[in-house]
Amino acid sequence: MRLLWLWALLGAAAAAQTPYDLLLKGGHVVDPKNNLDAVMDVAIAGGKIAQVAADIPAAQARRVVPADGLYVVPGLVDIHTHVYAGTGRRNAYCGDSSVYPDGFTFRAGVTTIVDAGSSGWRSFPDFKDRVIDRSRTRVLSLLNIVGTGMCGEATVEQNTEDMDAEATAKVAKQFPQVVVGVKSAHFRGPAWTAVERAVEAGKLANIPVMVDFGTFRPERPYQELVLEKLRPGDISTHMYLGAVPMLDEKGVVLPYLFQARKRGVKFDVGHGGGSFLWRQADPAIKQGWIPDSISTDLHVTSMNAGMKDMTTTMSKILILGVPLADVIKMSTLSPALEIKRPDLGTLSVGADADVAVLRLLTGNFGYLDVGNARHSGNQKLICELTIRNGRVVWDLNGLAGQDWQKLGPKY
């Protein structure tokens, strides 16, 4: 009995000496929320960030991951994706065009995604059951103002009778931890109906609105959208879309864009399969017209074309001269704040342990826009390791693994 007591005491003492489950050692931590930009260690325990400090003793962790020469950042937050997969409906962004999130998020350092309007208030329960509740990725939603969602751009998404602000707000308030905004997209009519109904729903539920402007028409100019229709905190996505009036005849960024930002409208990349052109992005970024947030508009077409993934999209902004720390902020803290989720995109102690470990490569790289135009660059971000809720979910080069030869014959 005394021997058992002694073993228990020794076990408790050993556990007290190793309070951390995982320790990321020696990486360059960039955490915009906490103004961290230095070589530090990140300790994780119980699925939460337990400590961020220099020189945390390795003996205090059960597993140590060397992160020398790498960037340790909050799990990336992609606020424009399409992941309402498996519906069997063969329409744009629905069924065959949406993707299941887990296969495309973790490998790019993304731990939180927002589906941007693939479902509306009618179809959201199915989306929640089919995808949100079954995914390891944290999946949030912008409800389409069209009750059915994005399932038929030419017909369903033009149905103003199904643009119900009150029903949309009701579902948003029913699921406040999941529904983070309202989406208006692809509207082709001459009136402001889709935008106005979305904004009304946003007001009722106290959540932001994201607008994919759809067909540009002279009756509802884009300038009016961002200067009058959208509220402070609302989001205009596809900011480098070719149809956006951005540059004057001399290639200078038009002043109204800066005015819109000054009044509080947010501008999101939303790369996608048709919404990012070098002829817009290159001169605009070099003149200071930079994104508030970086997002992919992930779907089957975009991921197999110029967009590819989140780290590639981040790299495109990086090679145009935006500092790395700012690119990381645009991919973590800023999008989290846009959707009113300040608990995300941070390495604050007590936060969910969602972490991306990135490698910054230097060399000769080429990047395509949506028109297959190539832009060369000498930097490229790739994701080495992704941690979700304290668990390693992506490990490109086995950083968190152990040498098999040291594990014995029956590992």
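The paragraphs below go from the overall chain to its cores and then to selected helices and loops.

This is a predicted model, in which local features need pLDDT of at least 70 and side-chain atom pairs count only at pLDDT 80 or more, while totals for chains, interfaces and linings use all residues. Residues are numbered from 1 along each chain as its sequence is written, and side-chain values use heavy atoms, with hydrogens and water left out.

The chain holds eleven helices and 17 strands; helices (H or I, at least four residues) and strands (E, at least two) are DSSP runs numbered from the N terminus. Its radius of gyration is 23 Å, close to the 22 Å from the globule rule for 411 residues, so the chain is as compact as a globular protein of that length. The radius is taken over C-alpha atoms, and the rule is 2.2 Å times the number of residues to the power 0.38. The C-alpha trace spans about 85 × 45 × 40 Å along its principal axes.

Of the 411 residues, 55% count as buried, where buried means under 20% relative accessible area, exposed over 50%, and partly exposed in between (1.4 Å probe, protein chains only). Among contacts (heavy atoms within 4.5 Å) with a separation of 6 or more, 74% join residues 24 or more positions apart.

The largest nonpolar core has 81 residues, of which Y222, L225, V226, Y240, F267, W289 and I317 touch the most other members. Such a core is a set of buried Ala, Val, Leu, Ile, Met, Phe, Trp, Tyr and Cys residues joined through side-chain atoms within 4.5 Å. Helix α4 (residues 193-205) gives the most to this core, with six residues. A second, separate core has 20 residues, including M40, I49, A353 and A400. Beyond four places in sequence, W289 contacts M239, Y240, M246, V253, L257, F258, R261, F267 and A284.

After α7 comes G288, with a positive phi near 95°.

Helix α9 is largely enclosed by the rest of the structure, because ten of its ten residues are buried. Just after α9, G321 takes a positive phi of about 105°.

Two loop residues remain. I207 lies in the loop between α4 and β12 and counts as buried because its relative accessibility is 10%. Leaving aside neighbours within four places in sequence, I207 is in contact with A172, V179, V180, G181, V182, G202, R231 and K340. Its C-alpha is 9.0 Å from that of G233, which lies 26 residues away along the chain.

F216 sits in the loop between β12 (209-212) and α5 (222-229). At 26% relative accessibility, F216 counts as partly exposed. Not counting residues up to four places away in sequence, F216 touches Y222, L241, A243, V244 and P245. F216 and A243 are 27 residues apart in sequence, with 7.2 Å between their C-alpha atoms.
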